[in-house]
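Dear colleague,

I am handing over a structure that you have not seen before, and I would be grateful if you could look through it with the notes below at hand.

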Amino acid sequence: MPELPEVEVIRRGLAPRLLGRRLLAVTVGEKRLRQESSPGEFREWLPGRTILEIERRGKYLLFRLEGGVTLLIHLGMTGRLLLRSGPSNLLPHVHLTFHLDGGLDLVFQDVRRFGQALVFPPGAHPAPLDQVGREPFSRQATPAWLAAEARGRSRPLKNFLMDARVLAGIGNIYASEILFAARLHPSTPVSRLSLKDWSRVLKETRRILKAAIAKGGTTVANYLNDRGETGLFQLELLVYGRAGEPCRVCGRPIARMAHGGRSTFFCPKCQEEGVEGR
DNA sequence: CACCCCACCTGCGTGC
DNA sequence: TGCACGCAGGTGGGGT
């Protein structure tokens with residue numbers, strides 16, 4: 001469910017309340033996540049350690065603990081990290097509960113279990129991060145680099161934008177929104193984009209992700225932040241989920257098509273194929 | 001390699 | 001009401 005903005009909102013929500021707290025114990029649910037350390041590994045490496053830092057890489061959250069231990073969390077499609085001060089044993093689909101000092105519980109809830117929770121002992125390198133590309137807000141993400149990555153590639157722009165190994169953090173909702181803002185057709189083969197096009201893609205990516213973070217993320221179905229609140233950016237979506245509704249710019253109906261089995265929403269007029277955006 | 005498809009899960013809305 | 005089907009903020013393994 002969560003893309004970069006939602007994960008970042010959760011990180012910012014958790015950090016002030018978790019930094020400096022000590023992990024006391026971990027409760028592990030019966031059903032396993034797609035990628036999950038064993039109960040033994042959680043119990044060996046987590047209890048007694050203080051949370052020093054919470055970082056984000058793409059859609060991953062990294063909890064840096066005392067003694068060089070790292071807890072890596074990915075929320076998949078329906079994962080939530082809820083910070084609760086009362087008993088949380090009545091919540092459904094809870095897979096991990098991290099008990100902290102001060103009576104706080106950090107609860108990992110995930111209906112579909114596509115999420116990940118992996119512990120890395122001191123010195124162990126979190127391998128999943130090797131698959132994560134550049135951060136959209138980093139200086140390493142430039143129009144020239146995007147153009148170089150796209151050189152000789154034929155895949156549709158939408159698929160390229162969503163490829164976390166290139167640019168990290170963009171998922172199905174924001175990919176449609178970014179391409180609408182950049183006035184580029186989602187099916188355009190990436191090798192056809194000019195440097196100017198890539199500049200616009202990057203600019204709109206940053207603008208939209210930033211706006212979404214400021215609005216607390218997008219809630220279309222499941223997403224809740226660490227306090228159990230929805231986001232507000234769904235009110236600002238211009239194309240996602242709006243098939244058949246009028247384009248906010250030109251009034252034509254928003255279209256929907258599939259890329260790699262995922263729905264793409266776009267305006268056939270504003271994002272006309274072969275037409276350079278402005 | 002580059003690219004595509006599908007599996008991995010559960011729940012919900014729709015249409016018959 | 002009941003059931004089948006399609007679809008849902010992601011990732012990665014396997015096939016072409």
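What follows describes the overall fold, then the helix packing, and lastly the surface beside the DNA.

Please bear in mind that this is a predicted model, in which local features need pLDDT of at least 70 and side-chain atom pairs count only at pLDDT 80 or more, while totals for chains, interfaces and linings use all residues. Residues are numbered from 1 along each chain as its sequence is written, and chains are lettered from A and ligands numbered from 1 in the order in which they are written.

The secondary structure of chain A comprises six helices and eleven strands, where helices (H or I, at least four residues) and strands (E, at least two) are DSSP runs numbered from the N terminus. Chain A has a radius of gyration, taken over C-alpha atoms, of 20 Å, close to the 19 Å that the globule rule (2.2 Å times the number of residues to the power 0.38) gives for 278 residues, so it is as compact as a globular protein of that length. Along the principal axes, the C-alpha atoms of chain A fill a box of roughly 60 × 35 × 30 Å.

Turning to the helices, H1 (residues 4-18) packs against H6 (residues 195-214) at an angle of about 40 degrees, with the axes 9 Å apart; axes are lines fitted to C-alpha atoms, for helices over the stretch in contact, and angles run from 0 to 180 degrees between N-to-C directions. H1 and H6 are therefore oblique to each other, a word used for angles left over once those under 35 degrees (roughly parallel), over 145 (roughly antiparallel) and 65 to 115 (roughly perpendicular) are set aside. In this pair, Leu4, Pro5, Glu8 and Val9 of H1 meet Leu209, Ala212 and Ile213 of H6, contact being counted when C-beta atoms, placed from the backbone, lie within 7 Å. The residues of this contact divide into six nonpolar, no polar and one charged, with Ala, Val, Leu, Ile, Met, Phe, Trp, Tyr, Cys and Pro taken as nonpolar, Asp, Glu, Lys and Arg as charged, and the others, Gly among them, as polar.

Helix H5 (residues 172-181) also packs with H6, at an angle of about 130 degrees and with the axes 9 Å apart, which makes H5 oblique to H6.

Finally, the residues around DNA strand B include Arg34, Arg112, Arg113, Phe114 and Asn159, a residue being near a strand if its C-beta atom, placed from the backbone, lies within 6 Å of it. By class, the surface near DNA strand B has two nonpolar, four polar and five charged residues.

Conventions:
Two residues are in contact if their C-beta atoms, placed from the backbone, lie within 7 Å.
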